[in-house]
Amino acid sequence: MRIKPYGLGILGCIALTLLIAPLRAAIDLSNVALLYVLLVVGMAVRSGRSPAVVTALLASLAFAYVFVPPQFSLAITQAQHLISAAIMLGVALLVGHLTSRLKSHVENAELREQHSRALYLLASQLTAAQTRADVLGISGHFLATLFRVDDLRILAPGTSEPLPEPLTPAGLADIVASRTLATLAAAGRGRTVTAVPLRVSKGLQGVLVFALDDADTLTAQVRELLETMASVVAVALERIHYADLARATGVRMASESLRNTILSALSHDLRTPLTALVGMADTVAEGRTAHPGDQQAMIVAIRDQALTINRLVSNLLEMARLQSGEVTLNKAWQPVEEVVGASLQQMRLQLAQHPVKVEITPALPPLEFDAVLMERALCNLLENAAKYSPPESEITLSATQAGNRLEISVCDRGPGLPDAERAELFGLFRRGQRESNIPGVGLGLAIVRNIVEAHGGSVDAADRSGGGACFSLRLPVGEPPRVAELEAPA
Amino acid sequence: MSEDIRILVVEDDRNIRQFVASALESEGYQVAAAGSLRQAGVELGARSPDLIVLDLGLPDGDGVQFIRDFRGWSAVPILVLSARSLETEKVVALDAGADDYLSKPFGVSELLARVRAQLRRRTQDSEQDPPLIRFGDFEIDCVNRVVRRRGEALHLTQIEYRLLLCLATHPGRVMTHRQLLAQVWGAQAVESHQYLRVYVGHLRQKIETDPTQPRHILTETGVGYRFQP
C-alpha cells in the first residue's frame, strides 16, 4: 500500500483547516462544508478512492471540531449542525467514490485504446509475415511494447525441442488442453514463464512461450490482451502454413508437368533417331549394303546419330537438373574472354563449316558467373547458329558493355527468326519450325534462358539487319573484388 | 617402337573395354585389359605398363583412391575415363594424380590423340630438365629464364614466367586450378582462383595470336588449363 496519497490527504485537510479557520466568522458554515467536499473530490481525482475516503473522514472531523459550534469540540449541540456534518461526510464519500470510478474508467479506456492500437499494428504487420521466424519477430516486438520479456519462442505442435524451465511436456499438454493462458513461477525472484496456446478454428498452431521478470504486470486486462494477440498470431501462422503448402504443391505440379514434357519428348524425339540407329546397324551387320562404300557411309551415319542422341540426352539431363533447383551456381569472378574462348574450342567441330568472327570490346570488366554453365549457354547459342545458318556463312560472337550490363551476342546469317512470338523461342520444347529435318527438341534456348536468369541476367532474340538472327544474353556487371598482386616469394 | 609400349585398360563395361583395346592395338600398342581394380592390381604387377586408361566407376572400389595409392609409388601416366559430367569429379581425379580425362562418350581419334600426348610427355620427362622448351614460334630458355618469340626476348613478369613454365613442362596434361596455384604461388594460394584467371589472361595476351581463341593455353572450363605445344 502506498502511503504518500494518504499523507497528502491529511496534509490537505490540515492546510485547508488552517487557511479558513481565521475566516470562520466571515464564511458561512455550508460554504466551509463545500470547500471540504471540493478537497475530497480533488483527492479522488488525484489519488483514487481510498485516500479520498480517508480525507473525507478527516475533513468531517475537522469540520465538526473547528467550525461547528461549540468550536474546538466534537460535541454537536444542534441537530441541524449534526445533519450538515453527516451530509457533508455522505456527499464527500459519494463524490469521492464517483470521481475515482470515473478516473479508473478513463484510465481503462486509455489502456484499452493503447492495447487495441498495438493489436491493430500487430495484425497489420503479421499480414506481411512470410515465415514463422517473421511471426516470432513481430510478436516479440509487440510484447516488448507492453513489458520486458525474454526467451520468447513459438513451440510448434508436437515439438521435440527442449522446453524452458519449469515447463514440462505434460504441463504443456495441459495448457494446450485448457486453451487458456497459463503462468508458471520460474526460478528467480518474481520470474514467471507464460504460455499462450495459439489456437485456430482447426487445431493448434503452436504455443507462444515467454519469460517475464515481473509477474504483477499480468493483470486481467493484459491477460485478455495476450489471448487476443494469441488468436491473431495463430491466424497468421495458419496462413503461412497454408501458403507453404500451396507453394510446395505448386512446385510439385511444375516438376510433374516438366517430367511429363520430358517423357513425351523422350518417347518421340529419342525413338526416332534410335529407330534409325538400329536400322542402320542391322543393315551393316547383315551385310545388306550394295557397295562397300555404302557400308562405310552408314557406319559414319551411325556414329553421328549416336552423338546426336548423346547431345539430346545431355540437354535433357541438364534441363532436368536446372529445373529441379538442385543446381548451386559455382560463381567466380572471371574475364568473359575465357569462357568465350572455351565455348569456341568446345564447339570447333560443329563450327567447322562457318568462319567465326569474335568481337570483344577491349578491357571489359570481369563478371561473376558459373563458368561451366555459362559455357553451356554460349555453346547452345553457337550450336543453334551453326545448325540454322547455311554452310560458309559467317557467325559473329561479340561482347560489349551497355550501361551496367554486359551483352554477349551470337549472330548468324541464317533465315532469321520465325514469326512466332519471340519470347516463346526461349520456352521449353519450342522450335522455330515445328517439323524440320534439323535435329533437336527445342531445349537449347530454354537451357540458355535458365542459366542466364539464374545469374540475374536476361535473354533476347532479334532479327539482324541484312538477314539472320541475333541471340543476346545480358548479364549484370557487379563490383569485382580488387585483386592484389599476389607475387610469390622469389 | 610402338610394340614396346604397354597399356593397361581398366574398364568394367565389356564393350567399351573391347573397343578401347582394339583401337589401341590398331596403333601397335600392347594392351592388357582388366574389368576390376583387383584384376588391375594383378596386371600392374605382371606387366608394369607405360600408361593406364582407367574408368572411374568400377564395381569393386573407388577409382580416385586407386589413383592416389598408385601415385604413391609410380609416375606412369593415367588417363581417366569418366561417365560423370560433373567437373568436380574430374578435378578430384586430377588432383589425386590422374594426368588427363576423357568424358564418355568419346571418339576413337580423341582417345588415341590423348594417349599419344601422354606417351610423348613420358619420353620428354625422362630427358631430365630440358634446357629449352619450344612451342609454336616460342622458346623458353630455362637456364637464363627468358622466353623468346622468333629469337626476340619477350617481357614476362616473374609470375607469368613461372606460370608459363609450369604449363609448358606439362604439355597435353590438364593442370587443375589447384595444382597451378600451388606450383606457381605456393600452397597458401590454392583457393585464389581469381589470381590464376587474371594471370592466364595476361599470359594469353602476350603469347597467343588471338587471346579469345587460344592455341596454346586451352581452358578446361571448371577444371583447369591444358597446355598444347
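A cavity, on a 1 Å grid over the protein atoms alone, is a set of points where a 1.4 Å probe fits but cannot get out. With that in mind, welcome to this predicted model, in which local features need pLDDT of at least 70 and side-chain atom pairs count only at pLDDT 80 or more, while totals for chains, interfaces and linings use all residues. Residues are numbered from 1 along each chain as its sequence is written, chains are lettered from A in the order in which they are written, and side-chain values use heavy atoms, with hydrogens and water left out. The structure holds two cavities of 30 Å³ or more, and chains A and B bury about 2200 Å² between them.

**Where the chains meet**

- Chain A brings 28 residues to the contact and chain B brings 25, where contact means heavy atoms within 4.5 Å.
- The size of an interface is often given as the accessible area lost when the parts come together.
- Here the buried area between chain B and chain A is about 2200 Å², and carbon and sulfur atoms give 58% of it; buried area is the accessible area (1.4 Å probe) that two parts lose on being put together, summed over both.
- Three residues, Q194(B), R197(B) and T212(B), supply 28% of the area that chain B buries against chain A, more than any other three residues.
- Two salt bridges are counted between chain B and chain A, a salt bridge being a side-chain nitrogen of Lys or Arg within 4 Å of a carboxyl oxygen of Asp or Glu.
- E338(A) forms a salt bridge with R204(B), and their closest N and O atoms are 3.2 Å apart.
- On the side of chain B that touches chain A, two or more residues come from each of α6 (158–168), α8 (193–207) and β13 (217–220) of chain B; helices (H or I, at least four residues) and strands (E, at least two) are DSSP runs, numbered from the N terminus.
- The largest share of that side of chain B, seven residues, belongs to α8(B).
- By class, that side of chain B has 13 nonpolar, eight polar and four charged residues; Ala, Val, Leu, Ile, Met, Phe, Trp, Tyr, Cys and Pro count as nonpolar, Asp, Glu, Lys and Arg as charged, and the others, Gly among them, as polar.

**The second largest pocket**

- This pocket has a volume of about 390 Å³; a pocket is an open set of grid points with protein on both sides within 12 Å along at least five of seven lines, and lining residues have an atom within 4 Å of a point.
- Its lining counts 20 residues, and the closest to its centre are P335(A), E337(A), R197(B), V198(B) and G201(B).
- At least two lining residues each come from β5 (331–334) and α9 (336–346) of chain A and from α8 of chain B.
- With seven residues, α8(B) gives the most to this lining.
- The lining of the second largest pocket comprises 11 nonpolar, five polar and four charged residues.

- The largest cavity holds about 80 Å³ of space; a volume is the space filled by probe spheres set on the points, which are joined across faces, edges and corners.
- Of the 14 residues lining the largest cavity, Q334(A), E338(A), A371(A), T219(B) and T221(B) are the closest to its centre.
- Both α9 of chain A and β13 of chain B give two or more residues to this lining, with the largest share, three residues, coming from α9(A).
- The second largest cavity holds about 40 Å³, and its lining residues include R6(B), Q30(B) and R47(B).
- β1 (6–10) and β2 (30–34) of chain B each supply at least two residues of that lining.

**Local details**

- E113(A) forms a salt bridge with R117(A), with the closest N and O atoms 2.8 Å apart.
- Because E113(A) and R117(A) are four residues apart in helix α4 (residues 79–126) of chain A, about one helical turn separates them.
- A cis peptide bond, with omega about -5°, joins K104(B) and P105(B).
- P105(B) sits in the loop between β7 (100–103) and α5 (108–126) of chain B.
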